[in-house]
Amino acid sequence: MSNDTKASGVKRRDFLKILGAGTAAVSAAACSEPTGKLIPYLVSPDQTVPGVSTYYASTCRECAAGCGIIVETRDGRAIKIEGNPEHPLSRGALCARGQSALQGLYNPDRFQGPMIKQAGEWKPITWDDALSIVGQKLGEVRAKGAAGAVFINQHESGSFPAFLDAWLGGFGMRPHLSVDFEADQAAIEAHRRSYGVAWPRFDFAQAKLIVSIGADFLDGWGASVPQQLDFADARAKGEEAPRVVYVGARRSLTGLNADQWIPAIPGSELAIVNFLAGKGDVGAAAQQSGVTANVLSALKAELDAARPALVVAGTRGANALDVGLAAAQLNVSLGAVGTTVKTADAVAGFEGISRHTELLEAVTRMASGSVPIAFVRGVNLAYTLPASQKFADAFARVPFKVSFSSYPDETTELCDMVLPDLHSLESWGDAAATPSVMSVQQPTMDPVFAHTRATADVLIALGQKDAANAARYPNAEYRSWLIGRFAGGQSAMSTALAKGISAGSIAARAVAGVGAASASVSQQGDYHFIVYPSPVLGDGRGANKPWLQELPDPVTKIAWSSWVEMHPETAAKLGVDRGDIVEVKTSAGAVRAIAIPYLGIRPDTIAMALGQGHKSAAGMKVFEFKDTEVQWGYGRYARGVGVNPFDAVTTTTDAAGGFVWEGMKASLTKTGDHDIVPSTEGSARQHGRGIAQAIVAGQVEKEEHEEHIPGDASHAFLPGLRSPVAADAQGELGAPTAKDHGKDLGLYDPADIRGMAKRRWAMTIDLARCTGCSACVTACYAENNIPTVGAAWQNATVYAVQKPGFNMSRGREMNWIRLERYYEGANDSEFTPDFEARFVPMLCQHCGNAPCEPVCPVYATYHAPDGLNVQVYNRCVGTRYCSNACPYKVRYFNWFGYGEEDRKQYAFPEPMNWQLNPDVTVRGKGVMEKCTFCVQRIREAENRVALEHREMEPDEFTVACAAACPSRAIVFGDAADPRWTVAQLAADKRAYHVFEELNTYTAVVYLKKVIHPSPAAPAHA
Amino acid sequence: MTKRRKWTAIPGLLALAALAVMLSAYSGASSSQGHGPAQPIAFPHPKHAGAVADGGLGLNCVYCHYAANKSPDPGMPAVGTCIGCHALGAVAGTTPGGQAEIKKLQAFAASNKPVPWERIHKVPEYVHFPHVRHVNAGVTCQTCHGQVQKMDRVYQYASLNMGWCVQCHVNGYDPQEGLKAAGYAPATSPATPGTTSANTTPTPSAEKKKARYDCANCHY
């Protein structure tokens, strides 16, 4: 048979082949996904139910403050951290860094067991061998005289410092150094001398006027969570709220929250404070600070009239101690002590921090070869000491160096042995919260890696091995030792563990006297150069946690990068645009980073944030440890991101023994290169859109109370009770009434026996309270399994640009809730201190009349009868029409399948995926995602009340962002039930909806910010 | 005829195949209904959960699946729970086959290894099925799982497809039907007070327990 004889089409045989293939495909599809195994417990643990969370009270160890936390665990794994409402510091709130402790716990680059460096290579070793080697070294050192030995510990309060000193003493070694690079030594010294405590509680709510002299107390300066809580309470007073004045060359987050900015030249703050205290001449102060005399005189008059007022000082210049003392003296004379400065509930965690000068002295001894053995725990000196200090060379002269670090940081790479510590969420401990309250730390789960050990237990094991010390350590566990410190023993400790706190105090170690200020700051260059600890990465500790890398800097909105802040005037003078690479050069060194024009900095000043620029310190080989590659340079998320400004910082200390980070001089040059700007910011201006609205103090009461939603007033916040059809939402049909019964209202029948239409989930966000700190953003990532997308390898496979933050520069970030920051006033080229910043948390508004819903061709987004705008991932086919339709731009597309394990863009490498919330779907590629109003928490609450056969109580639960918020700006609840707080707040006189004119009937109600202009300065309401 | 024309029917056939796939999905054929793999230990549900009259012990399902009434997860019995009765020297089985299986269990316990049961019922990851709501609403286990107390080897009784879920959420769950499904005659059941006659027709739909059926009830 020839082809010609066949009339048409496919031969019968071909047809059968094709049909067969088709059938095979269908059959293959019919085999459902593999179901896997069901692995039961060997013995059921008490007090846990599989699938139901268990909560542990503990203490956060991410900064020195030591807030109380509640750790949610599910089936033996910690999955979420929130603040402990009973704790005197955190009072239920928690910052972004505290929440990110989980990513330290589950960090894929954690050491999985002890290692030793042999012949220039790292090799695993057993604990028995490791301990005998250390024990033998300790014996040798003691025989030769161990007095020169150094133990450097990341500062922590509680019982451990004394325990450690006792252990060191047993081996003839000197007490350890308790180092904290972020701690403001000058402020601590000034507080101690003036108030008697290292860090008092600043009760902002009691003040009539708040003046901050360079202190970023909302973000990183001191205990930011309690400070934010108190500050927000002050601002929530609305009309009566204290005015806030910020003095400093760069507007930090606190500066942006201030009503007035006084841009003083770095180093001139002392003259201003002296003038305010009546000790100086206004002319001299004005001349030194570059601020007009009128502004300073007006501030002085205001301060003299305000009783009580509060002055906080946190400069990092060479004269920082003098500024701190002068400000404290001013507080004393203003009568602030006892009213706005409270010592009874001081932050006890800041007691006992070693001076930086002590550390420098230890480094000097290392360099001279008189340190026989060194231990480092939690501190990354090779990164945080200025490069000019040549730490690596000094450290190399120590014959035996042991690190207790969990992470492959720069310092550990230089050590000879690593004995990986447990994470604070896996180990026992305690902390001093206030002078009269101590906070306990307990393991919330078994160690992630079985071959890691608590340093305290390692020290006990070493003590037990040593004949001279064995008698002092009868128990093998630090926990037993800790129980001994409770007056009531085991039962007292159990009581304390339930609440996370206990009455009592822990004496802090004495701090050495002040040494001499050392060296001089760089004077080379035309610009004042400021470095400051990153609000999210701190002194670099946070850089290995992708949530923190992904969290945009609250001020500049840049993530996964380093940048140089300069005023647009400076940039214009230099001929650089946003993203052009500039070089900052001091007498100590030079760094290159992208230029970011920023309105809130003096034209003669440039600034850089610390925290980035981790790199392998010794170029050691990437070490294969079991299944994981150990990435030297602080792990895969930190390595090679940005630059380290410490490379250009001179090693100078102030009179309190702290490092000087301000008032250096540097030169600034254009390089001609350009790089991406990984920013989440679109425009910094509102362009008349009225997104972030404000009202001038004094006008609030005068405002006519407008209806928030056009149309039917009585249902202003209940549009979810009506259908999502536009005509209906606009009131044509109105809310279903009794006469509608019997009609087919489907899901929207309020009389439906399923009770579905009873609720309208809604949210209020008080912009007077919101400080823009962005803790809500990280809380959302943690709760909702949101992938981070900024790592260098997470871009597309084809046409890949392997740069950290590239996806963010293309607008692919997945922050379901984001913090928008807008400027009001000034213009974008000329310098003026008179501009205002407004922060707006922006998330899905759960519109009653949502533009995204009618455009979806597959009904993947719809309106639930309880008011939620729902995204159904398994229906979504990724057309992205909804994102185009959304006026708020709060829908995010999963471009590369960040939740799929077999992709290189996978955002949750083992064991990071242990943190995933089992109640939330992990989204795959090609799916639109957005805020769900934490629907899983709503369902959980509904399940609970159904199980307990009761009605839901008002404010019974809340969503993740509201729970974290350290300024208590976000309130969530049922607006249809007047007993819920949200229903009352939604009726506030300041309430408004963003883009109300679009008739979207949003469920998110914003309360206008209240601004307090100085009599002299113009307002931008 | 040219070779080219020979292949013109391919698109049509592909469309046919696609249609077949869609029909198959719609019909529920893509479910693993009926799937009943061999287990590492041939656990006899009839012996444990079967009615006493049938020679079983009459154990309540939640004796072993202890979280079904208080958690989204039903809970699998810990090896310790099994060993509570089947420790060495205790209940050792009556038949040689049973004795062999119990020995396997004891071996798992002795080596501190959990039993790697083959999972049978699994809804996709984007579905949230809280057992607690269903059990506390009075839905009998057998309504969805079939009469496990009579299954020598447990298999997937229901399709677990969305249509199967939704028909109950929309039309409502009839407690009488649930009891029938569980293998009880409604008249003899103590759980249905008010029922006087075994011949009563099923209760009218007004008394059926309905539930939300919009997507976000389960998909989030």
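Hi everyone, let's start with chain B, whose secondary structure comes to 10 helices and one strand. Helices here are DSSP runs of H or I with at least four residues, strands are runs of E with at least two, and both are numbered from the N terminus. Along the sequence, chain B reads α-α-α-α-α-α-β-α-α-α-α. Of its 220 residues, 22% count as buried. A residue is buried if 20 or more other C-beta atoms lie within 10 Å of its own, exposed if 12 or fewer, and partly exposed in between, with C-beta atoms placed from the backbone.

Before going on, please remember that this is a predicted model, where local features need pLDDT of at least 70, side-chain atom pairs count only at pLDDT 80 or more, and totals for chains, interfaces and linings use all residues. Residues are numbered from 1 along each chain as its sequence is written, while chains are lettered from A and ligands numbered from 1 in the order in which they are written.

Now to chain A and its domains. The bounds come from an automatic or database domain assignment, and they give domain 1 (125-182 + 353-503), domain 2 (185-350), domain 3 (527-674) and domain 4 (725-751 + 767-789 + 816-1011). The centres of domain 2 and domain 4 of chain A, taken over C-alpha atoms, are 37 Å apart. Their contact takes 18 residues from domain 2 and 13 residues from domain 4 of chain A; two residues are in contact if their C-beta atoms, placed from the backbone, lie within 7 Å.

Which element gives the most to the side of domain 2 of chain A that touches domain 4 of chain A? That is α7(A), with six residues. On that side of domain 2, there are 12 nonpolar, three polar and three charged residues. Nonpolar covers Ala, Val, Leu, Ile, Met, Phe, Trp, Tyr, Cys and Pro, charged covers Asp, Glu, Lys and Arg, and the others, Gly among them, are polar.

Next, look at helix α9 (residues 269-276) of chain A. Seven of its eight residues are buried, so α9(A) is largely enclosed by the rest of the structure. Its buried residues, including A:Leu270 and A:Phe275, pack against several elements of chain A, among them β10 (209-213) and α12 (320-333). Just after α9(A) comes A:Gly278, with a positive phi of about 80°.

Let's move to a sheet. Four strands of chain A form an open sheet with mixed pairing, in the order β37-β30-β39-β38; two strands pair if DSSP finds at least two bridges between them. At the edges stand β37 (970-974) and β38 (991-992) of chain A, each with a single partner strand, so one side of each has no neighbour in the sheet. Strand β30 (residues 761-766) of chain A pairs with β37(A) in the antiparallel sense over five bridges. In that pairing, A:Trp761 stands opposite A:Asp974, and A:Thr764 stands opposite A:Val971. Is β37(A) enclosed or open? Five of its five residues are buried, so β37(A) is largely enclosed by the rest of the structure.

Finally, some backbone details. The peptide bond from A:Arg307 to A:Pro308 is cis, with omega near -5°, and A:Pro308 lies in the loop between α11 and β13 of chain A. A:Tyr634 is not a glycine, yet its phi is positive, near 70°. A:Tyr634 is buried, with 31 other C-beta atoms within 10 Å.
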